[in-house]
Amino acid sequence: MRLVLLGAPGSGKGTQAARLKEYLKVPHISTGDLLRAEVAAGTPLGLQAREVMARGELVSDEILLGMLEERFSKDDTRGGFILDGYPRNLAQADALDRLLAKLGQPFDIAIQLAVDNEQIIERLAGRAKAEGRADDNPEAVRKRLQVYDEQTAPVIEFYRQHGQLAVVDGVGTMDEVFARIVKAIESYRSAG
Ligand code: AP5
């Protein structure tokens with residue numbers, strides 16, 4: 001199964017991907033995690049990305065595509081993947097289509113986790129207290145939500161128009177949300 005997980009910051013993409021990778025037995029590829037690893041390692045790419053991420057803005061499309069190409073060159077992605085955090089704008093959606101077509105691995109379905117902004121702000125404030133992630137402060141969260149509305153929402157609309165989107169209610173317990181995603185995957189599989 002080749003899955004793209006979409007949703008606003010804090011909608012639960014990472015949480016659910018961690019469960020889904022056990023269910024689907026495919027790797028979880030999070031562009032946010034890949035970038036945070038570069039930042040933590042202090043690589044030139046990480047140094048370039050750190051401030052941009054802390055402000056809640058998008059890192060350049062070119063950097064992201066290079067990172068993804070490298071990740072998809074690894075053998076473990078041959079049997080499928082869960083892509084989390086990419087694409088975030090229409091140019092990235094186009095780049096992803098071209099990359100996956102080149103690899104002969106077009107994605108099966110994009111699943112959007114739908115969560116209202118009030119709940120997102122509450123979740124991220126909770127994580128800011130618990131973990132202190134650099135971009136979970138109120139100002140960066142506002143910016144991340146704005147970037148999502150302006151740049152990522154059109155990607156969702158694009159996939160919807162192409163019949164490649166399943167929307168899942170992301171509000172509820174983590175188990176409830178997981179069960180809804182599994183249901184969406186299984187109904188896609190049985191339709192195919
Ligand atoms: P990224 O790491 O992708 O961050 P994000 O999209 O803002 O997502 P989060 O990790 O905050 O949320 P999530 O949806 O994964 O939810 P989570 O499961 O963690 O990107 C970070 C930055 O990197 C970007 O801003 C950008 O700068 C850069 N970047 C990344 N990809 C890029 C790209 N493609 N192009 C350019 N730049 C890029 O959950 C959040 C919290 O909620 C947790 O505390 C969790 O425990 C809690 N939670 C989860 N589910 C529930 C639930 N059901 N009920 C209650 N709480 C819940």
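First, a quick one to get you looking: is glutamine 119 buried, partly exposed or exposed? Partly exposed, because its relative accessibility is 25%, and buried would need under 20%. Keep in mind that this is a predicted model.

Where does glutamine 119 sit? In helix α6. That helix covers residues 117–131, which makes 15 residues. At 1.5 Å a residue, α6 should span 21 Å. Its end C-alpha atoms are 20 Å apart, so the two agree. After α6 comes glycine 132, with a positive phi near 65°.

Now take glutamine 119 together with proline 154. They are 35 residues apart in sequence. In space, C-alpha to C-alpha, they are 22 Å apart. Proline 154 belongs to α7, and there it takes part in a contact with α5.

So, on to α5. This helix runs over residues 90–103. It has 14 residues and reaches 20 Å from first C-alpha to last, close to the 20 Å expected. Which of its residues are buried? Gln92, Ala93, Ala95, Leu96, Leu99 and Leu100. They cover an arc of only 165° around the axis, so they lie on the same side of α5. The face turned away from that buried side carries exposed residues: Arg98, Ala101 and Lys102.

From α5, Leu90, Ala93 and Leu96 make the contact. From α7, their partners are Gln151, Pro154, Val155, Phe158 and Tyr159. By class, that contact has 7 nonpolar residues, 1 polar and no charged.

One more pair: α2, residues 31–41, and α4. Their axes come within 11 Å and cross at roughly 100°. That angle falls between 65 and 115 degrees, so α2 and α4 are roughly perpendicular to each other. Thr31, Leu34 and Leu35 of α2 meet Leu64, Met67, Leu68 and Arg71 of α4. By class, this contact has 5 nonpolar, 1 polar and 1 charged residues.

Terms used
Residues are numbered from 1 along each chain as its sequence is written. This is a predicted model: local features need pLDDT of at least 70, side-chain atom pairs count only at pLDDT 80 or more; totals for chains, interfaces and linings use all residues. Side-chain values use heavy atoms; hydrogens and water are left out. Axes are lines fitted to C-alpha atoms, for helices over the stretch in contact, and angles run from 0 to 180 degrees between N-to-C directions. Helices (H or I, at least four residues) and strands (E, at least two) are DSSP runs, numbered from the N terminus. Contact means heavy atoms within 4.5 Å. Ala, Val, Leu, Ile, Met, Phe, Trp, Tyr, Cys and Pro count as nonpolar, Asp, Glu, Lys and Arg as charged, and the others, Gly among them, as polar. The expected span of a helix is 1.5 Å times one less than its number of residues. Buried means under 20% relative accessible area, exposed over 50%, partly exposed in between (1.4 Å probe, protein chains only). The arc is that of the directions from the helix axis to the C-beta atoms. Angles under 35 degrees count as roughly parallel, over 145 as roughly antiparallel, 65 to 115 as roughly perpendicular and the rest as oblique.
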